[in-house]
Amino acid sequence: MSDHFAAFSFVDRIVSFEPGVRARGEFAVPTDIAAFPSCLVAEAVGQLAAWVAMEHICFRGRPVAALANETTFHAEVRPGDTLDLAVEIEQCDDDAVAYAGFASVAGRRVIELADCLGPMLPVADFDAPEALAERLALLRGPGAASGRFRGIVAPNVQADAVVDGDSISATLTVPTQAPFFADHFPRRPVFPATLLLDAQIRLAMQLAAPGSKPVRMTHVKMRSFIAPGQVLRIEARRSDPQRLRLSADTDGKTVSTARLETSNPEAQ
């Protein structure tokens, strides 16, 4: 089976579609994978928004991750769950798409995204426009076969320093080859921002209080693409007991920044 539309594609079917305005979709999380992190749930919402945006401008461009002002984590998603996805397009043209959305499982909201912005770049730089148009027609029609996703091997992350319990840093090495690059993207492989965020959250939670969970991520800003084989220094720094600042840099340049809020286990 080809990894294109399988290794990093999280919309199986689009059940309603109002061009340029909104859409609802579904994704069946395979039962035979180890986990489906919340950052991949956010990716699924973003991918649904991307389908609406690309169709709206006739596949001249595709959005790439750049800004997400607020992501709220309500509950974990487990293998075997079915995601109900929804997006509302706030603005879309050849320059950028602004949107909000959420995902639910069995009527319970598991994640919400607000004030997201993705710049549009020439679609042909990343994938074949005709292949994307055909894929959208399939998703809006009978839908794609479920179970295509086979999980993701997390990138190598080596923690290297904890400073007085208030900061932690690590080295993240992006693989030179991985199945997800066939989806992200066939013509220009890019390390997905959501996989970086997942690694950053896992690192940050080593500073969080025992029993706490990620509840909210804000001010996410991706400043540049991350290429296969790139080596990043990622860091989490505590600003107060429930809040941390996340960053990633390479060659002295900042790649991404974000803020993470965690729950207070004493209040649970």
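User: Which residues does Cys 92 touch, not counting residues up to four places away in sequence?
Analyst: This is a predicted model. In it, Cys 92 touches Ala 53, His 56, Val 97 and Met 120, with residues up to four places away in sequence left out.

User: Where does Cys 92 lie?
Analyst: Cys 92 lies in strand β5, which covers residues 82-92.

User: And what separates the C-alpha atoms of Cys 92 and Ala 53?
Analyst: The separation is 6.4 Å, for two residues that are 39 residues apart along the chain.

User: Is Cys 92 buried or exposed?
Analyst: Buried, because its relative accessibility is 14% and the cut-off for buried is under 20%.

User: How many disulfides does the structure hold?
Analyst: The count is 0. Cys 92 is in no disulfide, and the nearest cysteine sulfur, that of Cys 58, is 11 Å away.

User: Switching to helices. How do α1 and α2 cross?
Analyst: Helix α1 spans residues 38-56 and helix α2 spans residues 129-140; their axes come within 11 Å and cross at roughly 120°. That angle makes α1 oblique to α2.

User: Left-handed or right-handed?
Analyst: The crossing of α1 and α2 is left-handed.

User: Which residues make the contact?
Analyst: On the α1 side, Trp 51, Met 54 and Glu 55. On the α2 side, Leu 132, Arg 135, Leu 136 and Leu 139.

User: Why does Gln 47 count as buried?
Analyst: Because Gln 47 has 14% relative accessibility, and buried means under 20%.

User: Now backbone geometry. Which residues does a cis peptide bond join?
Analyst: A cis peptide bond joins His 184 and Phe 185, with omega of about 5°.

User: Where is Phe 185 found?
Analyst: Phe 185 is in the loop between β9 (167-173) and α3 (193-204).

User: What is the phi of Phe 59?
Analyst: Phi is positive at Phe 59, about 60°, although Phe 59 is not a glycine. Phe 59 sits in the loop between α1 and β3, the latter being residues 61-63. Phe 59 is buried, with a relative accessible area of 12%.

User: And what about the phi of His 219?
Analyst: His 219 has a positive phi of about 55°, and His 219 is not a glycine either. Its place is in strand β10, residues 214-222.

User: How does His 219 count for accessibility?
Analyst: His 219 counts as partly exposed, because its relative accessibility is 41%. Partly exposed is the range between buried, under 20%, and exposed, over 50%.

Conventions: Residues are numbered from 1 along each chain as its sequence is written. This is a predicted model: local features need pLDDT of at least 70, side-chain atom pairs count only at pLDDT 80 or more; totals for chains, interfaces and linings use all residues. Side-chain values use heavy atoms; hydrogens and water are left out. Axes are lines fitted to C-alpha atoms, for helices over the stretch in contact, and angles run from 0 to 180 degrees between N-to-C directions. Helices (H or I, at least four residues) and strands (E, at least two) are DSSP runs, numbered from the N terminus. Angles under 35 degrees count as roughly parallel, over 145 as roughly antiparallel, 65 to 115 as roughly perpendicular and the rest as oblique. A crossing is left-handed if the near helix is turned anticlockwise from the far one by less than a right angle, and right-handed if clockwise. Contact means heavy atoms within 4.5 Å. Buried means under 20% relative accessible area, exposed over 50%, partly exposed in between (1.4 Å probe, protein chains only). A disulfide is a pair of cysteine sulfur atoms within 2.5 Å.
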